[in-house]
Amino acid sequence: MMGFWQPGTNLRDYVSQNPPLVTFFLCLLTLAISFICFCSYSYTHTVPNPDTVKDWNHLLSSLSQHKFCVQANASSSELVSPVPSPLMDKDSLVSSTKTPLTTLNLKVPLSVTTNSNSGSLKNLALHTAFRASQLHLGGTESVDVTLEFLTENDSYTCLTIRAPAHLLPMKLLPPECPEFKKNISPLHVEVSDKKPAASQTCYSLHSQDDPTLTVMLTQDERNVAVRHLMEVSVCLLGICLVLCVAASLTQSLIRRHHWNGLDIQNEPLMDV
């Protein structure tokens, strides 16, 4: 008589009779393999730090989501005077005056385009003010921004930003912008997310992710993450192994119970 424990046959029968549990097993196995692959990748490659909410790539991307439009009814003297934007309320201005401000002059990967055919992008400077929340920095403080474009079709520009220090990402700063002899009067513009009028001149920014501005995990932090992922992967693989053994034993017990039932049925009811 063949033995009751036949792992291959038992697992095949279990798979055919329990699709939900098999799906759960495959999910655990896939998750464990994914963690192991991610461990291998993290051990050999640099990985962005997920705990860093803001860096300069995020800030520049937030800047490029807005349009900068010249005020339709402003005089020429108002256009070149860097007055606070109408978007700033009194509370924002008061909080900005109470908080120590930091001014940075940086060379950043930003380019500019305009909807005006006659507007020149050479020797152009734009000045405006944001609420910190508009740049996804949190808070309601005022953030003054000045952009200087000295040449056309340039993928870099000089950004002068003035804001409370706690709002700005101070790790991995872009390089400082070199000083230029030209003194360009900034053009005051308004931040707009609406479609501009046909006669209104607007400027759009385009940012490019710079890997050197992304905060990465340190080697020690990667080692801790890899160790934790490996621990979870081993636990998941252990659960998968237990499920496989349990499935094979369950089918063996069912088959043994079935054979015992047949033996009882085959026993003679009366002794001859």
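**Around D55**

Modeller: Leaving aside residues up to four places away in sequence, D55 touches P169, L213, T214 and V215. This is a predicted model, by the way.

Biologist: Where is D55 in the chain?
Modeller: D55 is in the loop between helix 2 (19-44) and helix 3 (56-63).

Biologist: Is D55 buried or exposed?
Modeller: D55 is buried, and has no salt bridge. The nearest side chain of opposite charge is K54, 11 Å away.

Biologist: Then which side chain makes a polar contact with D55?
Modeller: That is H58: the side chains of D55 and H58 are joined by a polar contact of 2.6 Å.

Biologist: New topic. Where does UniProt place the "transmembrane region" feature?
Modeller: The unreviewed UniProt entry puts that feature at residues 21-43 and 229-249.

Biologist: And what does the model show there, helix or strand?
Modeller: Residues 21-43 are 100% helix and 0% strand, with end C-alpha atoms 33 Å apart. Residues 229-249 are also 100% helix and 0% strand, and their end C-alpha atoms lie 30 Å apart.

Biologist: What about confidence, what is the mean pLDDT?
Modeller: The mean pLDDT of the protein is 78, and 76% of its residues reach 70 or more.

Biologist: Which stretches should I be careful with?
Modeller: The pLDDT is below 50 over residues 75-96, a stretch with 37 contacts in the model beyond near neighbours in sequence. Residues 257-267 are also below 50, with 1 contact beyond near neighbours in sequence. Where pLDDT is low, the predicted coordinates should not be read in detail.

Terms used: Residues numbered from 1 in each chain as written. Predicted model: local features only at pLDDT ≥ 70, side-chain atom pairs only at ≥ 80, totals over all residues. Heavy atoms only, no water. pLDDT = per-residue confidence, 0-100. Contact = heavy atoms within 4.5 Å. UniProt positions renumbered as here; feature names shortened; annotations may be inferred. Helix = DSSP H or I, 4+ residues; strand = E, 2+ residues; numbered from the N terminus. Buried < 20%, exposed > 50% of the residue type's maximum accessible area, 1.4 Å probe, protein only. Lys, Arg positive; Asp, Glu negative; His and termini not counted. Salt bridge = Lys/Arg side-chain N within 4 Å of Asp/Glu carboxyl O. Polar contact = N/O pair within 3.5 Å; in protein donor to acceptor, adjacent residues only side chain to side chain.
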